[in-house]
Amino acid sequence: RLTGVAPARAEITEGQGVTVVVRPEDISVCLDRTAQENILRGTIRQATYCGSHNELLVGIGADTVKLRAPKSVQPELGAAIALHLPPGVVRVLAAT
C-alpha cells in the first residue's frame with residue numbers, strides 16, 4: 001500500500017487503476033526490514049557505479065524502478081531490496 005498526493009481535481013475512485021509517479025532522486029533504499037509504510041520490495045536488476053553514487057534498476061513485479069543509491073549501498077544483482085517512497089513526493093494520477 002502506498003500513500004501519495006493526487007491533484008486537487010482528480011476524480012479517483014476506490015478500485016480504479018492509477019499511475020504512480022515519483023522522481024528517482026526521491027526514492028531511497030530502506031535498510032529497516034520491519035518498515036511497512038510506503039515500502040516497495042523488489043530485486044536488483046542492474047547496478048551501475050557512478051563515482052558519488054550507484055544507479056540501480058529494481059524490478060518490482062513487471063515494472064522497473066530507477067533510483068540513485070548512496071555508494072555505501074553494496075548492490076548485488078538479483079538481491080532483494082526495499083525502497084522507501086516518502087508520501088509527500090508520490091503523485092497519484094488516474095490511469096489513462
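Modeller: Here we go through the sheet, one histidine, the core and the charged pairs. Keep in mind that this is a predicted model.

Biologist: Great, sheet first. In what order do the strands sit?

Modeller: The order is E2-E6-E3-E4-E5, with 5 strands in an open sheet and antiparallel pairing.

Biologist: And which are the edge strands?

Modeller: Those are E2, residues 28-29, and E5, residues 63-70, and each of them pairs on one side only.

Biologist: How many bridges join E2 to E6?

Modeller: There are 2 bridges, and E6 covers residues 80-84. Within E6, Leu83 is the bridge partner of Val29.

Biologist: I'm curious about His53. Where does it lie?

Modeller: His53 is in strand E4, which spans residues 53-60.

Biologist: Is His53 buried or exposed?

Modeller: His53 counts as buried because its relative accessibility is 13%, and the cut-off for buried is under 20%.

Biologist: What does its side chain make a polar contact with?

Modeller: The His53 side chain has a polar contact of 3.1 Å with the side chain of Ser52. Setting aside residues up to four places away in sequence, His53 touches Thr48, Arg68, Ala69, Pro70 and Lys71.

Biologist: Switching topic: which residues in the largest nonpolar core touch the most other members?

Modeller: That core has 15 residues, and the ones touching the most other members are Ile27, Val29, Leu56, Val58, Leu67, Ile81 and Leu83. At least two core residues come from each of E4, E5 and E6.

Biologist: Pick Val58, then. What is it in contact with?

Modeller: Beyond its neighbours within four places in sequence, Val58 has contacts that include Leu67, Ile81 and Leu83. Also among them are Gly42, Thr43 and Arg45.

Biologist: Last one, charges. How many salt bridges does the structure hold?

Modeller: It holds 1 salt bridge. Glu25 forms it with Arg23, and the closest N and O atoms are 2.6 Å apart.

Biologist: How exposed are Glu25 and Arg23?

Modeller: Glu25 has 48% relative accessibility, so Glu25 counts as partly exposed. Arg23 is at 52% and therefore counts as exposed. The cut-off for exposed is over 50%.

Notes: Residues numbered from 1 in each chain as written. Predicted model: local features only at pLDDT ≥ 70, side-chain atom pairs only at ≥ 80, totals over all residues. Heavy atoms only, no water. Pairing = 2+ DSSP bridges. Helix = DSSP H or I, 4+ residues; strand = E, 2+ residues; numbered from the N terminus. Buried < 20%, exposed > 50% of the residue type's maximum accessible area, 1.4 Å probe, protein only. Polar contact = N/O pair within 3.5 Å; in protein donor to acceptor, adjacent residues only side chain to side chain. Contact = heavy atoms within 4.5 Å. Core = buried A, V, L, I, M, F, W, Y, C linked by side-chain atoms within 4.5 Å. Salt bridge = Lys/Arg side-chain N within 4 Å of Asp/Glu carboxyl O.
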